[in-house]
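Subject: Structure handover

Hi,

Here is the structure we talked about. Please open it alongside this note.

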Amino acid sequence: MINKTSIINNLNENKVSINYTQTTLAIIILLGMGAWAIFESNIKSTLGFEVLIGLAMGYVLQRSRFGFAGGVRRIYITGESSLTTALILLFSITILGTTAIHYGAAIKGIDIPGIASVEPASLATIAGGMMFGIGMMFSGGCASGTLTDMGEGEGRAFIVIIFFVLGALWGVHDLPMWKETFLFNIGTTVYLPDIFGYFGSLVISLLGFLGIYVFAKKYESKRRKSKTLIIPEYADWEKELPEQKKYKFFSKKTYHKFFIERWSFNKGAVVFSILFLSLLIVSGKSWGVTTSFAKWGGWASNSLGVVDISTWPWFIDKMEEMSKGFLMDGGSLRNIGLIIGSLVAALLAGRFSFKFRFTFKDSFVYIIGGLLMGYGSRIGLGCNAGALYSGITNFSLSGWVYLPAMVIGGIIGIKIVQKLKINM
């Protein structure tokens, strides 16, 4: 008697294609990254960790297609809320962890890890958040998304990153001027536990996440009723294969499961929250991306002799740190690790390729997007990582102010991109 299930399983397994060249390259890169992490650890113990945590973050973001820009774009365009609700899960798990970390430090009377993420909430937060939101839609990704896209070989991201760095450098140059305006003067710095206590701040934050969740699900329901809901489909190559009747560990199916099959957004959220909390515990600092971009711009300017940044107020207290070099900066190591982690994920899946499917008009929009994200991240004192995610999960009121500003900016950006018919 013919076993139809067995035939289907065999056919599906035969469809699995392993690119041995890309897999081998991924293994070589991983070994190289391990050696680099050891080298950095010998200089300073936390630097090697920064390399590895960035590597893991890039792998997770690429494997699950998890991103902050997508959390706005996906639900607005399709009505489908799975990525948005996964982001809510990410924030919820993370803030449970940060509550314990902050409270533990507070009762011991020691410095609170992540407290540097508590920034002023002002009109500048709103202006910077909106600027960043528009820019990330012009660019096709946020700060971490741009780095992830670079690892995947997206040509668009290489254009964006150059102007992102230039925009950040421009932003820190103008920051003293902005700080003299009403945009910065109208506002206040609020660490929520100072007002509501740690338990109260946790409850208020979770209720805020619940409110966003309810709104997202109601919006999805509305789109379903109006028959405008679009359910995005995974590509065939990244879908789960049927279970084998007889399990074999060394098989194409196992390789597909571990390295090709797409992770759910929720899985990405859970793993990324663990990485975020690990970074906070080990380094004492929260996750950020764009501060290092401004430093990259400073290093490039110094190396090329374009401008003397040593007199800029933003750089004055950083010059000793800058003099130690690019590879002594933990944030830079983490960002590079993130790019490589994304690259490794794409190689292991056999899907890495350089993609340059865009026009001159598209390129111009990417340039504007990079500049807006860079400049906005300095005016708003952070990006999706530092101002939004780290801000909210470290109990800064500024994160809650930045959130609607970035979303509104994102929606404006989407409308412009759609009108201009930009390739994303």
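Predicted model: local features only at pLDDT ≥ 70, side-chain atom pairs only at ≥ 80, totals over all residues.

Mean pLDDT for the protein is 93. A pLDDT of 70 or more is reached by 96% of its residues.

Two helix pairs are worth a look.

Start with α5 (residues 82-108) and α10 (residues 193-225). Their axes come within 10 Å and cross at roughly 180 degrees. With angles over 145 degrees counted as roughly antiparallel, α5 is therefore roughly antiparallel to α10. On the α5 side, the contact residues include S82, I88, F91, I95, L96, H102 and Y103. On the α10 side, they include Y198, L202, L206, F209, I212, Y213, K217 and E220. By class, this contact has 13 nonpolar, seven polar and two charged residues.

Next, α6 (residues 123-139) and α19 (residues 397-420). Here the axes are 6 Å apart, at an angle of about 35 degrees. The crossing of α6 and α19 is right-handed. Their contact has 16 nonpolar and eight polar residues, and no charged ones.

Now the backbone. Two residues other than glycine have positive phi: R65, near 55 degrees, and K421, at about 60 degrees. Where do they sit? R65 is in the loop between α3 (45-64) and α4 (68-78). K421 is in the segment after α19. Are they buried or exposed? R65 has a relative accessible area of 29%, so it counts as partly exposed. K421 is at 72% relative accessibility, so it counts as exposed.

Last, L338. This residue lies in helix α16 (residues 330-348). Its relative accessible area is 1%, which means L338 is buried, the cut-off being under 20%. What does L338 contact, leaving aside neighbours within four places in sequence? The list is G54, L55, M57, G58, L61, S144, L147, T148 and W287.

For a second, take α5 against α10.

Best wishes

Key:
Residues numbered from 1 in each chain as written. Heavy atoms only, no water. Axes fitted to C-alpha atoms, helices over the stretch in contact; angles between N-to-C directions. Helix = DSSP H or I, 4+ residues; strand = E, 2+ residues; numbered from the N terminus. Parallel < 35°, antiparallel > 145°, perpendicular 65-115°, else oblique. Contact = heavy atoms within 4.5 Å. Nonpolar A, V, L, I, M, F, W, Y, C, P; charged D, E, K, R; others polar. pLDDT = per-residue confidence, 0-100. Left-handed = near helix turned anticlockwise from the far one by under 90°. Buried < 20%, exposed > 50% of the residue type's maximum accessible area, 1.4 Å probe, protein only.
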